[in-house]
Structure formats: structure tokens, C-alpha cells
Amino acid sequence: MPNGVQFNDQYPDITESDKLYARATGLMPAFSQTMAKGPTQYVNGVAPKYLQRGDGAHVWDVDGNEYIDFNMGVGPISLGYNYRPVDEAILRQLADGITYSLVHPLEVEVAELVREVIPNAEMVRYSKTGAEVTSAAVRVARAYTGRDKVLCCGYHGWHDWYVGTLPRDRGVPQAVKDLVHTFTYNDLDSLRNALDEDTACVIMEPMVFDFPAEGYLQSVKELCAQNGTLLIFDEMWTGFRIALGGAQEYFGVDADLACFSKAIANGMPISVLSGRAEYMQLLDSEIFFFSTFGGEALSLAAAKVTIEELRKHDVPTQLAGQGRTIMDGYNALVEQMGLSMVTSCKGYPARTLVTFNHPTLDPLHIKSLMQQELIKRGVLWSGFHNLCYAHSSADIEYLLDVYEDVLPILKAALSAGDVLSRLHGEPVQPVFRKTGDFNTKPKEK
Ligand SMILES: Cc1ncc(COP(=O)(O)O)c(C=O)c1O
């Protein structure tokens with residue numbers, strides 16, 4: 001019998017996962033197209049590596065083990081797997097076609113909907129991935145300002161301009177690297193010192209796991225405006241999640257351009273660049289930003305229904321409620337068990353992060369033990385609670401019961417100092433996408 005979402009006696013049988021992994025070894029560098037889904041992020045030897053299907057907030061691996069998923073495809077699954085209204089819209093569209101030789105009406109319809117729900121979305125363009133629209137936004141800013149330099153804060157995708165700020169920057173030309181620098185979130189001086197007369201744009205995630213200090217985002221906006229620099233919000237995570245209109249709506253701060261993907265189409269690949277017409281209209285004839293699949297209709301059909309469903313059911317409010325229960329519940333358990341110095345849960349409720357700190361032990365080993373024990377109990381977890389509409393109160397209650405069961409195991413391992421020897425596999429590696437401390441390449445004086 002495969003493991004289910006219950007307090008299982010055994011760790012799951014992952015024979016079929018391991019067979020696929022063996023086949024991929026030597027064939028597929030890094031094993032995964034998305035780092036956060038790859039084997040480095042899960043305890044090798046215990047965690048499944050391949051998922052077969054999903055329904056609601058639950059998923060089944062290739063060995064038939066069932067889990068409640070707290071990753072949701074690393075963001076895109078906003079309503080749930082197998083969500084009927086979206087799937088039916090995709091099937092209806094499939095009967096009519098996928099990609100055409102002229103523009104499809106859905107391109108207009110979805111743009112109108114985006115304009116309705118996203119502040120300042122006077123004009124709208126699509127692409128397929130987050131990295132494409134952040135890169136397009138940077139190009140718009142450079143074209144509008146006639147300047148070359150970029151300041152960023154957060155993660156923005158795999159393209160040269162951004163990856164040049166990271167330690168893993170092989171293959172990025174020095175000339176590109178010289179144009180992009182980072183700054184520290186919630187530190188206006190860090191931004192002030194980095195801005196100069198050649199700064200085309202500031203591109204940032206308006207919030208990752210730390211809330212903006214009072215007035216911070218507004219001050220960033222003002223500093224940019226004073227400097228003739230465009231402000232771009234990368235709303236890949238906050239968009240359609242923190243509020244329907246994303247961080248611009250939630251924090252009441254207007255960006256010049258904003259980029260979206262992930263939650264907008266419940267798993268289908270589409271990204272959106274939106275913003276003030278003054279800047280966006282450069283895409284009419286001056287800036288080149290075109291790609292074969294940009295107007296692919298299945299994803300547009302999915303986006304249309306996903307946005308309508310998110311609005312109809314006020315999903316951001318529901319996610320906030322469920323997420324608050326998890327965050328408060330986790331932090332209360334940790335407090336009761338005297339573990340507050342070691343672990344806590346933070347973020348905006350729809351997307352929270354469990355952090356680990358220890359004066360002598362490696363936090364990744366502690367995280368690995370937690371993950372191993374959650375997986376045994378049917379919870380697929382890599383340190384985050386990425387919520388979707390289908391996460392039920394029963395799912396949340398179950399998660400908190402599991403934490404109540406697992407935290408004492410962690411506590412005992414910490415007291416005995418034997419965290420590593422309790423692991424039945426290899427510990428997880430650091431997340432590539434940083435969760436804070438984004439100032440990886442400050443501008444040198
Ligand atoms: C904030 C943010 N920006 C940009 C991206 C890049 O998106 P993609 O992986 O679709 O290119 C991501 C991906 O996780 C992201 O989280």
C-alpha cells in the first residue's frame with residue numbers, strides 16, 4: 001500500500017521515483033527545469049522525486065503515495081489542481097485550436113480583464129515566463145530613459161542582466177554584469193547610494209517574506225521619480241495572491257511597470273507585462289519584444305477563467321485566512337515547545353516561510369529532518385506554505401497536527417545533537433532563490 005495523507009508508520013516507498021532518477025542521471029543536467037522542484041531541495045533517499053498527478057491541494061507521486069502539497073507548482077497553482085472551471089475552459093479552447101496565424105480574441109479579452117484588476121495597467125503585453133517579462137520591462141525602462149543601469153532587489157529570472165548579480169554567473173559577459181547592481185530591502189540609504197544619473201530602473205519584488213517598513217515602498221517610488229528612474233514591481237509572487245491587484249493594490253503604491261506570472265492561470269504558462277501607457281507604448285514600434293507562443297490561446301483561456309474565479313471567490317482573502325491560521329498555529333506550537341530561538345514562520349499569510357537558526361548546527365540539516373518527517377506523514381513541503389484556494393480547513397488542521405507531532409522530534413534531536421544521524425538520506429541544499437538579504441552585488445563606491 002502506498003503511503004497516504006495520514007500518520008504513516010513508514011517512510012514512503014519511492015522505488016519508481018528512483019528508477020526515473022536513474023534514467024535521468026547523465027541525461028538531464030540538474031534533473032529539473034525548475035531548480036526549486038529538483039532533487040537538491042528534497043531529502044534524497046526519502047522524498048519522492050517525480051509527481052504524477054494532482055487534485056485540489058493533494059498530489060500523488062509516481063509510486064502512488066499521496067501528499068498535501070504546500071508548494072503548488074512553486075506558485076502557479078492558485079486555485080488547485082484539476083480545478084474544473086479552468087480545465088473546462090482549456091478543453092473548450094483546445095477544440096478550437098491552440099496557436100493561430102493571426103491574433104486571437106482572447107488576447108484582447110484577457111488584457112481588458114488585467115486592466116480592470118491591476119492598478120496602472122493602462123497597457124498589457126504577454127509572454128510565457130517571468131524572466132521574459134522582467135527582461136522586457138528592463139528594456140522598456142532603458143529605452144524610455146536612454147540610460148543603461150539597473151538596480152534590483154529580489155529574484156527576477158535566468159536572463160543575463162539579472163543572473164550577473166548572482167554568485168552562479170558563469171556565461172554572463174562582464175559588460176552586462178557591470179550595468180546591474182543590487183540594493184538592500186527596507187534600507188532607503190542602500191538605494192539612495194546606488195542610484196545615479198544613469199539608472200534606468202529600479203526593479204524589485206515589493207515584498208518577499210519581510211513586510212515593507214512603514215512608507216518604504218512610497219519612498220522608493222519618490223526616490224525613483226526624483227531621479228528620473230522607472231520603478232518596476234516584479235509581482236510574480238505577490239500578483240493575484242496578496243490581493244487581486246497585487247502589491248500595488250495591497251500597499252497602495254503605484255509602480256510604472258509591473259510584471260506577473262505564476263498565479264494568473266492556475267498552472268498554464270503565461271506572463272504579463274503591464275504599466276503606464278507612456279512607457280508601454282514604446283513596445284508599439286520602437287522596442288522589439290515578440291515571440292512565437294506569446295499569444296498561445298490555451299493559457300489565455302486559463303488566465304481568463306482563473307482571474308474571474310479568483311475575483312468571484314475573493315481568493316486572496318481566503319488564502320490570507322488559511323495562511324494566518326498556519327502561521328499563528330506554527331508560531332504558537334514553537335513557543336509552547338521552547339523552540340522560538342530555532343524556528344519560526346513568517347511572510348504574508350498566503351505565502352509563508354519556515355526559518356531555522358541554530359548556534360552550532362546547520363539549519364539545512366534541521367530543515368531536512370523536518371521535511372523527512374513531514375513527508376512520512378503525507379505532507380510535501382520544502383520550507384514554504386504556498387497556498388491555493390483548494391487548501392481546505394481540514395488540510396490546514398492536519399498540517400498543524402503534523403507539526404505538533406514532528407516538532408518534539410526536532411527538539412529531541414537538537415537536545416541530543418544527533419540531527420544528521422536521524423536523517424535517512426542526504427540533507428537538502430540551500431535554496432538558490434534567496435529568501436532575504438538580496439544585496440548580492442552592491443554598487444562599489
Ligand atoms: C519574483 C520572481 N521573478 C521572476 C521569476 C522568473 O520567472 P520564470 O521562472 O517564470 O522565468 C520568478 C520565478 O520564480 C520569481 O519568483
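This is a predicted model: local features need pLDDT of at least 70, side-chain atom pairs count only at pLDDT 80 or more; totals for chains, interfaces and linings use all residues.
Visitor: What makes both faces of strand β9 count as covered?
Guide: Buried means under 20% relative accessible area. In β9, residues 257–260, Leu257 and Cys259 on one side are buried, and so are Ala258 and Phe260 on the other. Both faces are therefore covered. In a regular strand the side chains alternate between the two faces of the sheet.

Visitor: How do you know that β8 and β9 pair?
Guide: Pairing requires at least two bridges. Strand β8 (residues 230–234) and β9 run parallel and are joined by three bridges, so they pair. Ile232 has Leu257 of β9 as its bridge partner.

Visitor: How do you know that β9 also pairs with β10?
Guide: The cut-off is again at least two bridges. Four bridges join β9 to strand β10 (residues 271–275), so these strands pair too. They run antiparallel, and Cys259 stands opposite Leu273 in β10.

Visitor: Why is the β-α-β unit of β8, helix α9 and β9 called right-handed?
Guide: With the strands pointing away from the viewer, a right-handed crossover runs clockwise from the first strand over the helix to the second. The unit of β8, α9 (residues 246–251) and β9 is right-handed, so its path runs clockwise in that view.

Visitor: What makes up the lining of the second largest pocket?
Guide: The pocket holds about 660 Å³ of space. Of its 28 lining residues, Val103, Glu107, Val124, Arg125 and Tyr126 are the closest to the centre. Elements α3 (105–117), β4 (123–127) and α11 (282–285) each give two or more residues. The lining divides into 13 nonpolar, eight polar and seven charged residues.

Definitions and conventions: Residues are numbered from 1 along each chain as its sequence is written. Side-chain values use heavy atoms; hydrogens and water are left out. On a 1 Å grid over the protein atoms alone, a cavity is a set of points where a 1.4 Å probe fits but cannot get out, and a pocket is an open set with protein on both sides within 12 Å along at least five of seven lines; lining residues have an atom within 4 Å of a point. Grid points are joined across faces, edges and corners, and a volume is the space filled by probe spheres set on the points. Ala, Val, Leu, Ile, Met, Phe, Trp, Tyr, Cys and Pro count as nonpolar, Asp, Glu, Lys and Arg as charged, and the others, Gly among them, as polar. Buried means under 20% relative accessible area, exposed over 50%, partly exposed in between (1.4 Å probe, protein chains only).
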